[in-house]
Structure formats: structure tokens, C-alpha cells
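Here are my notes on this one, written as numbered points. Have the structure open while you read.

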Amino acid sequence: MSFRKATAAGAAALLLGSGLGLLSAPAAQAVTGSDIAGTASSQLDRNACGNGGAGYYVSGTGQHSSCYGGTTAHAWCADFAGWVWAQNGVKNLGVLNDLANSFQTYANNNQGGLSSTPHVGDAVFFHPGGYSSSFTDYDHVAIVTAVNGNGTIDYVGGNQGGAPGAVTRNPGMPATVGAYEWSVKGTAVHLAGYASPVLSNSAPTAPNTKPALGNKGSIIASDGNQVTFTRDAGSGHVQITYLPVGGGWATADLTAMTGGAAAGGGAPAAFLQGNGTLGVITADAANGHLRVTYQPSGGGWQTTDLTSSFGAPVSDGDVSTQIDGSGTLSVFTRNSSNGHPNLTYLPTSGGWQNFDLTDNVGTPVSGGGAPAAFLQGNGTLGVVTADAANGHLRLTYKPSGSGWQTSDLTSSFGAPVSDGQVGAIVDGSGTLSIFSRNSSNGHPNLTYLPTSGGWQNFDLTNSVGTPVSGGGAPAPFLQSNGTLGVVTADAANGHLRITYKPTGSGWQTSDLTSSFGAATSDGNVSSVIAGDGTLSLYSRNAGNGHLNLAYLPASGAWGTTDMAYQAGTPSLG
């Protein structure tokens, strides 16, 4: 057996981030120790650094990824045990780190010390004879998967077996505290006791039908690091999954870090201000209060209730953000009490202010999906919604130096009716492109306004062959070579679909699942272009809720990664 080595504790550096929120969802079956044991057992034979796509365990607390430093440089039994607990919504994981004896600290904090009584789902901690409070080379931790009637336990642990170690099962091991378990290099190792996980009184929230991602859920920070934000299906916590420039993937729990409230409703809306402040907007699940969670450049994470502190209206969690040319941060929401589209904004000098687009501009009550914000090259700031009464696509906009206006794109320009699942982007020519889903037939549609000329409409199903789409909003993107595109999910089979138009060429479409092995998706998709030109598409796997990444380097072929294994990102809610 391979054991914990005396590595220094410490978290992967969180250089950037933004957050997502917890959803309010129907009650699910409460998590039990058997669920925890099942998660551990599901990983059998997997190793620290891939094993055909598996591995990469980390709880999102003070742990490195199991693959940190390579398979032989970083012992990872604690990483695995922490990951198993995190997948099941175990609470108070902030004290866990790379060291096996951090589970003793967990027991000290939550149950007054290690227990002598095993339970399925417990962490079982082992140490050499003559153990003191100091860490030793041969400490080890694993997950109890069975408590047998003959005074033995079965457990599953990471970094076990011959180097470089794997996830394996040890059946029929002595269960008594102080019992001899094995010997390594002449040193006897004994069972030290059990740490029981602190479970929520109620079950983790079940996956919500609203998006766990959004086109504003992924962003490139001012230092070039790539970030995406998700909600843990087990705990509902805001998770940040990030790729530092020149570093490896990691994930962290922003809710635990900031003490922010659980969030409800739709996708988080990330933003990056000109001064380097990175942040995210959510709505509190308990009361709908609009919340900003942010990290000033070089500072720590903070959170503010915009409703309590600045009078922002309550929100259903469907949110979009935009930074305009003056540096003003604009947050577009839907008021959960009356359905009014609303603007809450922060100028570069001054405090937060609020502006009701229905009362002040005449924008109709909106239904479905998040407002889709945009900024044109001429300085026009705007937002796209769908009229709750009739599905008409609605544009509300403010030209630079002028007042707010609103226009019905369906009545005035023939745009199809929409279910409110909308994405907007401005391409290199200055054309404003609005991607929506036709509520009458499910067709993805493009409604666009060139810099010269009037509004036009383009049915991507009839004209390009893009399948009927399901789930969340289309996710538009613009590559550095000028290629404009949108990502959807095929309503019939969940295949991830990219539809794109290279500069100077016609529209094309490709099935990323059939052609390149991308995971099937429930339609919750987010896109971002990295500094090196890589197109990254994040989606929620329709089968298991994992965050999946399909990516296309500026030169090279499509690749895919399961972020649950790559970075330890919890399953999405």
C-alpha cells in the first residue's frame, strides 16, 4: 500500500474568480453514508492523473488536485477522501487539506475528536504506532464502505497499492481503534479512529431546470486566467473552476470562502471591470435579494446584498451584465415581484442606482430566460428580452448621449416569437447578432442588425440544418479570426452542436458529440475565448451533471475534458 507523504499543506492559489449561486429546488432524498460509499466505490481502479479521463480529485477546500506534481510527487489519499465527501454535500470541509491528518482536525472540530465507532461513509484515519499530534510519513485516510458483523470494515481509498497508487478497496480490515493494519518499511500502522461527515439536515438540492451555466458564466480575468462558474448539485454552493496562465486546473467553493447567501434561479452573471475587479451577480434563494460577489485586483473576495444596501429589486436570478464605454457596470435583471426588466448599475464614480425599464421606458413584463445585454461599437447599450404576454422579441436600448428606448422586433421587423432563451453578441463588423429559440417550433434563430441597413432574420434550422434546440439559451461566440458562432444542444438527443460562420464564408454546422466525442448536454452552455485564441465551450453533461469542456485551440483539433475529474468540479445543479 502507498501512503500519505509529508507534503506541506496549502491550497492551490486562487488568483481569480467569480461565483455562481445555489438554486431553490424540490426536495431530494437525503444523502446517507451509503451514498458516500457509493461515490467512493464508483471510482475503483482510477488513478491520480487521468487513467483514460478519470481522476483529478480535489474537494475545493485547501487541497491541491490529486494530480498536482504528477503521480509520484504528490500523495493524494486525502484529496480523494475530501472529494468523495464534497460530492455528497458534506459540510464544514474548509479544514481539509492535502494531509491525511486534516481529517482528525475535522473530527476535532465537529465531533470532539476521532470516534471509535465506524459508520458507512465515515473517513477512517490510520497512523503508525506511537502516534503524536505531529504528521508522519505513513498516515493514511480512506472511506468506510461497509461495517461487517465480524468486527471488520471495508474501505475504499485513493493512492493505494503499488506506486503511483490507485483507488482500491480493502475488504475485511480490523475495525477496532489501535488495531494493527499493515507494516511499511518496518513501521506498524494502526487504525486511529473515525471522522463522521456532517450532513445537511435536508438533502442537497436537486438539479434545477434553470441554467447552471450561462453565456456570462465564463470569463477571462485581467491576468488572462480562464474562469467558469457553476453550482454544486450537492451543496448548492457557488463553485469557481479556473485555469491559471501556465498552470493547472483547480476549483474552489466561493460560498464557503465569502459566507455569501445561497443563490436561486438562473445562471450567474460574471463581469470584469476596467480596474481589474472580477465579480458575479446572483440572487439569494431565501429572499430574492440581488447579490454581488467580487474580488478587487490584488484583494480578497467580498460580497454585498444590493437589495438591502442599495434598494435593488428582488430578482428571480435571471441576470445579465455589461460594462459600457464609461466603465459603468450594468446589471439587467427581472423583478421577481412584478416581472419588470430592471437595470441596477454602478458608475465609475458614485454608488449603485436602479432603473425600472417597464415603468420608465415601457419595456413589457418579460418571461423566460435571462435578459441578454450587449454593447455596440457606437456606444449603444441595450438588452434583449421576450414579452411574457406574447413572446415577442423586445429590444431596449440607450444610444450614447441619449435616453432609453424600446422596440418590438417581432411586430416591427418580423423576428420570431421567443421563449426568452436569448444570447446577444456584436461581431467585428459591428453587426449586432441576437440568437434566440423560436417558441413555436424550437428552431435556433438569428436576428441581426448590420451597421448599415435594417433588421434581418435567419432561421438556422431551415437555412443551415441546425437541429431544434433544447434547454438553456444559445451561447454565441466570436473568435479572433472573425468566425461568428453559436452553441446549442440538439433537443432530440442532447448532442452538442456548433453553428458558425467564418469571415467571408457561409454558415455551417457540426455535431460535436458525434464528430469529436463531446458529452451530451442538457442545453446549459457557456462559451469563452482564451487569450491564445482557444475556443472553450462549457456544458452540463445530460447524463451525470458533470461540467464538461469542449475546446478548439487556435491551431489544432477539438478536445474534450470532464471537469469533475480534471479539476474536481462538483456535479452541477
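**Notes on the model**

1. Start with helix α2, which is mostly covered: eleven of its eleven residues are buried, buried being under 20% relative accessible area, exposed over 50% and partly exposed in between, with a 1.4 Å probe and protein chains only. The buried set includes Cys77, Asp79, Trp83, Trp85 and Gln87. Just after α2, Gly89 takes a positive phi of about 75 degrees. Helices here are DSSP runs of H or I with at least four residues, strands are runs of E with at least two, and both are numbered from the N terminus.

2. Some ground rules before going on. This is a predicted model, in which local features need pLDDT of at least 70 and side-chain atom pairs count only at pLDDT 80 or more, while totals for chains, interfaces and linings use all residues. Residues are numbered from 1 along each chain as its sequence is written, and side-chain values use heavy atoms, with hydrogens and water left out.

3. On confidence: pLDDT, the predictor's confidence in each residue from 0 to 100, averages 82 for the protein, and 87% of the residues score at least 70. Residues 131-135 stay under 50, and the model has twelve contacts for them beyond four places in sequence, a contact being heavy atoms within 4.5 Å. The pLDDT is also below 50 over residues 201-215, a stretch with 69 contacts in the model beyond near neighbours in sequence. Where pLDDT is low, the predicted coordinates should not be read in detail.

4. Which residues of helix α3 (residues 102-111) are buried? They are Ser102, Phe103, Gln104, Tyr106 and Ala107. These buried residues pack against α2 (77-87), β3 (123-128), β4 (140-147) and β8 (187-195). Phe103 and Tyr106 also form one aromatic cluster with Trp85. Just after α3 comes Gly112, with a positive phi of about 75 degrees.

5. Helix α1 (residues 33-41) has Gly33, Ile36, Ala37, Thr39 and Ala40 buried. They cover an arc of only 160 degrees around the axis, which puts them on the same side of α1; the arc is that of the directions from the helix axis to the C-beta atoms. The cover over these buried residues includes α2, β4, β5 (152-160) and β6 (166-174).

6. The structure holds ten aromatic pairs. Rings of Phe, Tyr and Trp (its six-membered ring) pair if their centres lie within 6.5 Å; planes under 30 degrees apart count as stacked, over 60 as edge-to-face and the rest as tilted. Have a look at Phe126 and Tyr155: the ring centres are 5.2 Å apart and the planes at 50 degrees, so the pair is tilted. The pair links distant parts of the chain, with Phe126 in strand β3 and Tyr155 in strand β5, 29 residues apart. Phe126 and Tyr155 are both buried.

7. Is Lys185 buried or exposed? Lys185 is exposed, with a relative accessible area of 76%, and sits in the loop between β7 (180-184) and β8. Lys185 and Tyr138 are 47 residues apart in sequence and 9.9 Å apart in space, C-alpha to C-alpha.

8. Now an open sheet: four strands in the order β9-β10-β11-β12, with antiparallel pairing. Two strands pair if DSSP finds at least two bridges between them. At the edges are β9 (218-220) and β12 (250-253), each pairing on one side only. Four bridges join β11 (residues 238-243) to β12, and Tyr242 stands opposite Ala250 in β12.

9. Another open, antiparallel sheet of four strands runs in the order β25-β26-β27-β28. β25 and β28 (456-459) stand at the edges with a single partner strand each, so one side of each lacks a neighbour in the sheet. Even so, seven of the nine residues of β25 (residues 418-426) are buried, so β25 is largely enclosed by the rest of the structure.

10. Still in that sheet, six bridges join β25 to β26 (residues 432-438), and Ser418 has Asn438 as its bridge partner in β26. The hairpin of β25 and β26 has five residues between the strands, and Gly430 there takes a positive phi near 95 degrees. β26 and β27 (residues 444-449) pair in the antiparallel sense over six bridges, with Asn445 in β27 as the bridge partner of Ser436.
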